[in-house]
Amino acid sequence: MTTAVDRAGRADCCDDPQDAAWGRLPAAAPPLPSWVPAAVAAVVALVLTLVVVLLVRPPGPLDDPNPADQRDGLLLDGPTLPAEAAGLRFGSRTVVVLFERDEPTGPAFEKWKATVSDDGVELVVRVGAAGEELAGLVGIPTPVDGMRPVGYAVIDASRTVRYATLDPAYTRNAFEVDVITGAVS
Amino acid sequence: MTANPDRWSKAYRPLRPRSLVVQLMFLVVAEIVLYATYDVHDARFHWATHFLVALTYASLVMLVRLLVTGVPGPRLLLPAVLGFHLFAMAPDLLFRGGVPHYRWMDVFLGHITVHYLPGGDGSWLAIALTSLGLFIGALTAWLRARHAEADAGLPPGIGLTGMAVLRPQTDPRRATLAHDEHGEQAGGGPTVVLLHGLGASSAFWRPVADGLGAAGARTVVPDLLGFGASIRLGTHFHLDDQAAAVVQLIEGQAAGPVVLAAHSYGAAVAVTVARDRPDLVRRLVLVTPAAFADGAQARARIGDRSWIARKAMDGSPVAGVACGTMCLLRWPLTSLAPWLAARVSPDIPADVARDGVRYVWPAYRDALTSLLDDSPLPAWLADPPLPTAVVIAEDDQTVLADGLSALLGPGVDVVRMPGTHGLPLERPDEVARVILLDRNTTVSKAL
């Protein structure tokens, strides 16, 4: 087999202007110079790198060491608590246990509290060492700083832990607690 | 030759600078809004993860599309990224509507699982930029190739896949069709040129060419533009283009007029050559020529034999995608085809089976469409200006013997043989004898 043979030296090749006209039609060449996509992609790569590095911050001291596990919105089929544990009774209604390092106060907390408990959900706040036993039972993670957690757990009416997450900015995310309690109630 | 600027402008539509600038602005504004909705809830890394996943998928889909169809797209390139992003973050939108996350939500581009990739957003950034780089690399090569073709005065290779995505096609005016040569010129007889049919190559004629060579005829068997070893030659594949390439081959390879023999679709090319340059052709031998009374009959007969041909004739994009996928997988398929053929149709030689997947989609499509409404065959066969013989296969299911007979005028020498559409493979010796026939020899004497 003779493969396609280059005939660049052929004298009479392409001399006919009609024959050579196609590529010279205005529409024949692409409307974009070939270097443009690479240039745009380089700018996009730079901007995205800056966004990821600068704006998407690493976990803070109160956050979960594994960001994927924090506020993942995923319903658990977690441990079942005893009917009475850490001075609380479980099994008759959905309970939200808030773990805090200091007594929560202020209008943001009051608003969060009202939102979380407005549909018959019982809200329990455990501050500092008082929440230690319960935190262990519900399996709430330990934050980056290794100290006590700031976050919450949701236990349904059959005493199963359905959600347990760290959330140092929980007052901004009352709707998330509502979604979880709404789904398990 | 007829150019098709409509097809070019359609293919170039996604790359119009003004449109791209508007799309980019739209994408940036939309993403800033989406970012803000996550930022309000201190969930920026969720935005980043899903955006980077969306960018990865969008880049890979656009890369595969470019490789399979030979055309960049979709028309709205950049909003496609936003579309992927909205799909990837759909569970978050559902969450805002009161639905918690469930494992099955991984159907949204791995919405749950993607967060657990080691390295988090840093890893996704690397993956997304790599995917984007692959697509941009292919797109840049495609643009370069099309610019190079335009600079050379060629129509752009729109819809060409395989290597044509990355490198410009060779100008058929500057190169000769790839071809096989058999035998030496003996006794001053004419050179025989054999043209193959649709989805085939010179390999199809090898048994006949061997017979012709043994009989002392010099034989030249080309692969038509876009087929076999000429796959990298040309960007436009209508009958006129194929005929021009064959004319160029004959001018370079033969001292005088040739006997031009052709099978099936190749007959349409042969007749175009004979019509345009009768000085180059001494005699035509058309073996089971793809001649039909009209376009409707051509559609019915060819469509009945091949699914992909039927889709192509209907103008369905499915055929192009199927063919483009085949081109993408050409390397394994060329190895697999002979193995498959040996089990399904043991009579088909391995090189014929292999070359059955060595063609570009536009060459196949344009060959088919040339048989529908603009075929020069019926007019030629009714009253051939040059000596013409037609070999009819009595059991041909593609070109029915009776239908073909009805098209033949009194000036056509007719030879009927038992066999199917692949007659040159089934009866190479008899076909070779018909090709060597002198006009003064009777058919019965020759056979």
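Q: Which order do the four strands of the open sheet in chain A take?
A: Strands here are DSSP runs of E, at least two residues, numbered from the N terminus, and two of them pair if DSSP finds at least two bridges between them. In chain A the order is E5-E4-E6-E7, an open sheet with mixed pairing. Strand E5 (122-127) and strand E7 (161-166) of chain A are the edge strands, each pairing on one side only. From one strand to the next, the twist averages 15 degrees; axes are lines fitted to C-alpha atoms, for helices over the stretch in contact, and angles run from 0 to 180 degrees between N-to-C directions.

Q: Before we go on, where do the model and numbering come from?
A: This is a predicted model: local features need pLDDT of at least 70, side-chain atom pairs count only at pLDDT 80 or more, and totals for chains, interfaces and linings use all residues. Residues are numbered from 1 along each chain as its sequence is written, while chains are lettered from A and ligands numbered from 1 in the order in which they are written.

Q: In which sense do strand E4 and E5(A) pair, parallel or antiparallel?
A: Strand E4 (residues 95-100) of chain A pairs with E5(A) in the parallel sense, over six bridges. For instance, Val97(A) has Val124(A) in E5(A) as its bridge partner.

Q: How much of chain B is buried?
A: Buried means that 20 or more other C-beta atoms, placed from the backbone, lie within 10 Å of a residue's own. In chain B that covers 52% of the 447 residues.

Conventions. Buried ≥ 20, exposed ≤ 12 C-beta atoms within 10 Å, placed from the backbone.
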